[in-house]
Amino acid sequence: MGGDHGPPVVVGGVRDYIRRHGGEGVRFLLHGDETAIAAEAARLRLDAQVFEIRHTDKVVAMDEKPAQAMRRGKGSSLWNALEAVKAGEAHAVVSAGNTGALMAISKLVLRMAAQGLERPAIVASWPTLRGVTAVLDVGANIDCDAEQLLEFAIMGEAFHAAVHGVDKPTIGLLNVGSEEMKGHEEVREAGRLLRANTLGLDYHGFVEGDDIAKGTVDVVVTDGFTGNIALKTAEGTARFISAILKEALTSGIQAKVGALIALPALKTMRSRIDPSAINGGPLLGLNGIVVKSHGGATAKGFGNAIRIAVDLARSDYMAKVSANLGRLDQMIQSAATPPPESVS
C-alpha cells in the first residue's frame with residue numbers, strides 16, 4: 001500500500017514479473033486493502049492462482065517517523081508482510097513504502113542475522129561500463145567502523161554472486177585515493193584487514209568515485225553517508241544529462257529528425273545511465289530477505305525488485321553470509337586476545 005502509487009504499481013509489478021520472468025514456482029501474498037488490490041488485479045487480469053490477498057485497513061504513512069511506525073505499526077500491511085517471512089509463510093518481502101519504517105520494523109520483527117550487526121545495509125545495483133556494480137551502504141549507516149565495512153564486504157559479495165551471477169566478485173573500498181596511506185583511519189584499517197585475506201574475499205584495494213561507473217570492481221564498500229551522497233549525485237547527474245540532451249534534440253527541425261533516427265539508441269542510453277533504473281535495494285544483514293523498491297517506481301521497476309527478491313530467496317545468500325560473518329567474528333576475537341606470556 002506504500003510508495004507514490006500503491007496497488008497499481010505493486011499489482012502491476014507482479015504482472016510484469018510474471019510476464020518477463022515466467023513466475024514459475026512463485027506465489028504472492030499481497031498485504032493491504034482487499035477492495036483496492038482486488039480491483040487492480042481484476043483490471044490487469046492477473047491470474048487469481050498466483051496471489052492471495054491478506055486484508056488490513058492499517059497502513060504506515062510515507063511520512064511517518066520510524067519510532068512512530070514501530071509503536072503504531074503492528075497490524076499494518078508493512079508489518080504483516082514482515083511477519084509472514086518470520087513465520088515462514090513467505091521467503092521475501094518487497095515494499096515501496098516508507099524506508100525508515102521498513103528498516104526499523106524489519107529489524108524489530110526479523111532481527112539481525114548475526115550478533116554484533118547493528119543495522120541493515122542498503123545495497124544499490126549501479127549501472128557501469130562493464131555491467132552492474134553493487135554499492136553499499138547507500139544510506140542506512142552514516143558512521144561505520146572498520147568491522148562494519150568488512151561486514152558490508154561480506155554481504156555485498158554474497159549479494160552480487162546471488163543476483164548478478166558472478167562466481168567470485170571483486171571488492172573495493174571507496175576512498176579518496178588508491179594509495180594505502182590515503183583516507184581516514186577506519187577505511188585504512190578495513191583495507192588492512194581485507195588485504196590479510198583471512199575471509200577469502202577477492203579484495204582489489206581502494207577505489208575512487210570514478211571507478212564506480214567504470215566498473216573497476218564488482219562490489220564497492222563505503223559508509224552510508226558517502227554512499228548516499230554518491231548515489232543521489234549520480235541520479236541527479238543522469239537526470240541533468242537527460243534534460244540537456246532532450247533540450248538539444250528538440251531545438252530545431254534537423255535536431256528532431258536526428259533524434260527520431262537515434263531514438264532506439266537514446267532509449268538504451270537512458271535506461272543505462274540512471275542508477276534508479278535498476279530498481280530494488282535489498283536490506284542486507286537481516287535474518288530474512290527484504291527488498292526496498294523506489295517509492296516512485298513504475299510497475300516494471302517494481303517487477304525488477306521482485307526479481308531481485310526471488311533470486312536472493314533461491315540462492316545460498318543467507319547461508320554464505322552467515323558462514324563468513326562467523327569467520328569474521330572469530331578473526332576479530334582472535335585479534336583481541338593477547339598472546340600468552342612466555343615463561344623462561
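Me: Before we start, what does "buried" mean here, and what kind of model is this?
Reply: Buried means under 20% relative accessible area, exposed means over 50%, and partly exposed is in between (1.4 Å probe, protein chains only). This is a predicted model, where local features need pLDDT of at least 70, side-chain atom pairs count only at pLDDT 80 or more, and totals for chains, interfaces and linings use all residues. Residues are numbered from 1 along each chain as its sequence is written, and side-chain values use heavy atoms, with hydrogens and water left out.

Me: Is N98 buried or exposed?
Reply: N98 sits in the loop between β3 (92-95) and α5 (99-110); helices (H or I, at least four residues) and strands (E, at least two) are DSSP runs, numbered from the N terminus. Its relative accessible area is 8%, so N98 is buried.

Me: What share of the 344 residues is buried?
Reply: Zooming out, the protein has 13 helices and ten strands. Its C-alpha atoms fill a box of roughly 85 × 55 × 35 Å, taken along the principal axes. Of the 344 residues, the buried share is 47%.
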